[in-house]
Amino acid sequence: MANIKLDKLTKSYGDTEVLHHIDGQIEHGEFIVIVGPSGCGKSTLLRMVAGLETVTTGEVSIGDKMINDLEPADRDIAMVFQNYALYPHMSVEQNMAYGLKIRKLPKAEIKRRVEEAADILEIRDYLKRKPRQLSGGQRQRVAMGRAIVRDPQVFLFDEPLSNLDAKLRVQMRLEIRKLQRRLGVTSIYVTHDQVEAMTLGDRLMVLNGGYVEQFGTPIEVYEKPASIFVAGFIGSPSMNFVSATAANGVLTLSNGTTLATNTTAAGAVTVGIRPEHLFPNKDGVLKIEVDLPEKLGATTLVHGRISGAETAFTASLNGINAASTADVLSFDAPPEFLHIFDAETGKRIS
Amino acid sequence: MVENRPFLTVITHAVLVLGVIMIALPIWITFVAASHDELRMTQAPIPMLPGGHFWENFTRTLFGSGLAGNEITPVWRMLLNSLVMAFSIAAGKIVISLLSAFAIVYFKFPFRMGFFWMIFLTLMLPVEVRILPTFEVVANLGLLNSYWGLSVPLIASATATFMFRQVFLTIPDEMLESARIDGAGPLRFFWDILIPLSRTNIAALFVILFIYGWNQYLWPLLITTDSDMTTIVVSIKQMLEAAEQSPQWNIIMMTAMLAMLPPILVVIAMQKLFVQGLTETDK
């Protein structure tokens, strides 16, 4: 069983602590996505699991075995790198077989595994080619093939799709997901792309500034973001935030608009509402002055400001909307779609 | 810039032809001189067209006693000495520099940069500067008149170390990490990944260093007293000073031609890799 346990992991470079007490329990066969902005420490965390970075304090275990001090090769993991890191002088076949050759597997077994992986990834025709003769997508497959042949307990992906063009990225994203389901191997995937995170992960670990902001399923993270940071980071276009004062189930915005809420919170709060949860209604309480409508075809994004306040606000409307600059639109903001955060700590209240 | 003006074309060609003549003429004269007999070479004017004694001179130079009346080592032996020396120097320099660059780039040890600069500083100490102490050391080790003595003192090379360091630095870190996950230890990584990736650079360097070794004059002159160990470059000069005789130009020129041959062969054989090694940047 390849469950992974992160127990109070920290990482410091000299005096600077870059990861702070990371805890997490990953079940066998789970697909975990670590997501966060650049510099949040997500790659460092993955590399600590891989054994490419040392652990400062805390423990990493795979299958209930502490692996802090094991060499990467002894951890029974396989890693796919952002730039693929294929050996340029070896053919695709040699690239995939290299790790097995070092492990001194019998030739016939190596051949069987390489061909099996090549069939899964449909790269059988390229086995004799060198990496430089392949396109980006094909190289990506070879890099995954190299991971598969190892038959590891854990797959680690370090932003493997960021060097591909947009269309290929979507396609490879689906393939990675299908492949992982099929092989049932515990996987950790690092990305800064929240769409990748939402579609791929069984659970997401949202990292910010070396802290875990939230660790939960994509739907949990979307519906109940644990902090302002998570709320703003997950979801596209990102959530609108506005300061308000809460008292007796009523939120009062700075321009005097009042919104009903289910919360029992009182005092200064930050209210978050997603652009797709603003429902046009000519009697709606929330008035938005349009600055710029963006017509995307399926939806129209209306960028504007709350009337009477300077808070930027974006609403996402279905279809093509006729709104133009300086119009004032009215919206309903139903209480079940409001996210209330503590104004000081940024943590979710309800 | 592409210009189509006949006048310019003529000028360009004239300059090029002139250049070729300037470079080729001495070689042509060498060849012509090597194909006449001894007598013809002492008469003025010197011949400009080949004579009929080429093969005779060739066998006499290569296998015979060379200069008439002198008990001198046959030229094949000197060619062999030069070859062994040039090859040992080139190969030794490459092996040592590869290893030291590997250590400096991929291992963390105390005073790493200190060692790097120390190696770098040896650039200021070529053989000519340290010739007395080096001679003393070689003599005390009993290496005079040996292939070891000819090659070892010239092997340490800061330039090659520096070059390989630059080559290794261009190899992405992920390559090392990937190899580590694949289970390759340091030596395995060195052998399976680094060496093949620096193949063209090694070839380019080999050509340069082989010619450097081949052309060594001062050091072999100093440490070889036994005529069996002289190198060909040294012996050409000695032939000119043959005692109480007019120089036998036909034999000397034949020797010179033979001395030119191995470097040319090395360049031709490695030309493709050589150019790749100097121009290729993609890793």
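Predicted model: local features only at pLDDT ≥ 70, side-chain atom pairs only at ≥ 80, totals over all residues.

A salt bridge is counted where a side-chain nitrogen of Lys or Arg lies within 4 Å of a carboxyl oxygen of Asp or Glu.

**Domains of chain B**

- Chain B is divided into domain 1 (6–54) and domain 2 (75–279), whose centres, taken over C-alpha atoms, are 33 Å apart.
- Between them, domain 1 and domain 2 of chain B bury about 830 Å², with carbon and sulfur atoms giving 77% of it.
- On the side of domain 1, B:T30, B:A34 and B:E38 lose the most area, together 48% of what that side buries.
- Helix α1 (residues 6–33) of chain B gives three residues, the most, to the side of domain 1 that touches domain 2.

**Chain B against chain A**

- The contact involves 24 residues of chain A and 17 residues of chain B.
- About 1,800 Å² is buried between the chains, 58% of it from carbon and sulfur atoms.
- B:R180, B:I181 and B:D182 supply 39% of the area that chain B buries against chain A, more than any other three residues.
- B:R180 also forms a salt bridge with A:E71, with the closest N and O atoms 3.9 Å apart.
- Helix α8(B) contributes eight residues, the largest share of the side of chain B that touches chain A.
- That side of chain B comprises eight nonpolar, two polar and seven charged residues.

Methods:
Residues numbered from 1 in each chain as written. Chains lettered and ligands numbered in written order. Heavy atoms only, no water. Contact = heavy atoms within 4.5 Å. Buried area = accessible area lost by both parts, 1.4 Å probe. Helix = DSSP H or I, 4+ residues; strand = E, 2+ residues; numbered from the N terminus. Nonpolar A, V, L, I, M, F, W, Y, C, P; charged D, E, K, R; others polar. Domains from an automatic or database assignment.
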